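Trainee: I am new to this structure and would like to go through it step by step. Could you show it to me?

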Amino acid sequence: MMNVGIIGTGWISRQFADAVQQQQGARLAGILSRTREAAEGFRRPDETYPAYDDIEEFLADSQIDTVYIASPNSMHYGQAAKAISAEKNVIVEKPAFSNPAEFAKIEALLLQHPHVRFFEAARHIHTDAFRSIASQVGDMGAISGAVFSYMKYSSKYDAFLAGETPNIFTARFSGGALQDLGVYLVYDAIALFGTPLSAQYHPLLLPTGTDAMGTGVLHYQHFDVTLLISKTVNSQFGSEIYAGRQILSFGNGGDLGSVRLVEGDGTMREICQSPTGNPMSEEVRDFTDAIQASTEPAQQSRYSCWLKESRKVCETLWQMRQSAGIRFPADDGDER
């Protein structure tokens, strides 16, 4: 049984909680927020797990063996480190951490707690749609290039324009478009093509020092991958992978949608239909399996692959930020 305690009471925590409730072998065991009132308000009428406003009390709860972290980006590292030290498995929302230095410290801590598992909640790579894309890429021959897009007007942007400072648009909380929607696209590239030789990012910066939108270029030996990212405009432009005359097309790089293969003569074949239901169900299933069967070679191999990809994504996001001159207080060890 995976007994999950959740940090954070936003909509994404509710979606994750619902996915846990639907997963056999998993259950909700606690909720932590900044105030007890907010934590208690997160629970539905039929949910009776404990509510906390103190992380030490939360982590001392023996009924919790796995912690899902959905706090602001800059808080991920400190909370993950405390959870691992308390012998709790950790599932942290993307982006896992603000920079590779934080990631390296977490990996060193995991070595001291070998029975603990750490996962980055990049939900889309656990879906049937993504597996269909990866399988088709393997059959397409030499890749000529790709464009991955995720451009979505943020529900927080109107508040920003009104003079407020939402966490997602502040450097203090390691925010911005690249650190949010851009994570999905970097995952797409690394999971499908491996680590790029170089990575650059050309952003439109806000006065807060974070990026509203931008274009990334990941350079591989024989092709480039272009990333189109925005939290301040909407786009219906999908994503495409090119191999000579063939095109593998799908929706935005996070939700994926229907996957189609277009041949050189224009004929189109649907590879995978748009998914339905809770978009976090498949990752919860994978994490539950990996924790419950952690000693099985197949699960150990999957876990090692996910951890490596997470590290490479963190390093690539860092390269992109460095090329764009985007810095966070967390880069200087200031976690909030």
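Mentor: What follows is a set of questions and answers on the sheets, the helices and a few loop residues.
This is a predicted model, in which local features need pLDDT of at least 70, side-chain atom pairs count only at pLDDT 80 or more, and totals for chains, interfaces and linings use all residues. Residues are numbered from 1 along each chain as its sequence is written, and side-chain values use heavy atoms, with hydrogens and water left out.

Trainee: What is the bridge partner of isoleucine 69 in E5?
Mentor: Strand E4 (residues 66–69) and strand E5 (residues 89–93) run parallel and are joined by four bridges. In E5, the partner of isoleucine 69 is valine 92.

Trainee: Is H5 roughly parallel or roughly antiparallel to H10?
Mentor: The axes of helix H5 (residues 100–112) and helix H10 (residues 297–324) come within 9 Å and cross at roughly 155°. Angles under 35 degrees count as roughly parallel, over 145 as roughly antiparallel, 65 to 115 as roughly perpendicular and the rest as oblique. The crossing angle therefore makes H5 and H10 roughly antiparallel.

Trainee: How many residues of the contact of H5 with H10 are nonpolar?
Mentor: From H5, Pro100, Phe103, Glu107 and Leu110 take part, and they meet H10 residues including Tyr303, Leu307 and Trp318. Ala, Val, Leu, Ile, Met, Phe, Trp, Tyr, Cys and Pro count as nonpolar, Asp, Glu, Lys and Arg as charged, and the others, Gly among them, as polar. One residue of this contact is polar, three are charged, and the nonpolar ones number seven.

Trainee: How is H4 oriented to H5, and what is the angle?
Mentor: Helix H4 (residues 76–85) and H5 have axes 10 Å apart. The two helices are roughly parallel, and they pack at an angle of about 5°.

Trainee: How many residues of E7 are buried?
Mentor: Buried means under 20% relative accessible area, exposed over 50%, and partly exposed in between (1.4 Å probe, protein chains only). In strand E7 (residues 145–151), Gly145, Val147, Ser149 and Met151 point one way, while Ala146, Phe148 and Tyr150 point the other way. E7 is mostly covered, and its buried residues number seven of seven.

Trainee: Which strands are the edge strands of the sheet that has eight strands?
Mentor: This open sheet has mixed pairing and the order E8-E9-E10-E7-E11-E12-E13-E14. E7 pairs with strand E11 (residues 239–243) in the antiparallel sense over three bridges, and with strand E10 (residues 224–230) in the parallel sense over six bridges. The strands that pair on one side only are E8 (198–205) and E14 (268–272).

Trainee: Which residue forms a cis peptide bond with lysine 94?
Mentor: Omega of this bond is about -5°.

Trainee: What is the relative accessible area of serine 174?
Mentor: Serine 174 lies in the loop between helix H7 (157–161) and helix H8 (181–193). Its phi is near 55°, a positive value in a residue other than glycine. Serine 174 is buried, with a relative accessible area of 0%.

How values were computed: Two strands pair if DSSP finds at least two bridges between them. Axes are lines fitted to C-alpha atoms, for helices over the stretch in contact, and angles run from 0 to 180 degrees between N-to-C directions. Contact means heavy atoms within 4.5 Å.
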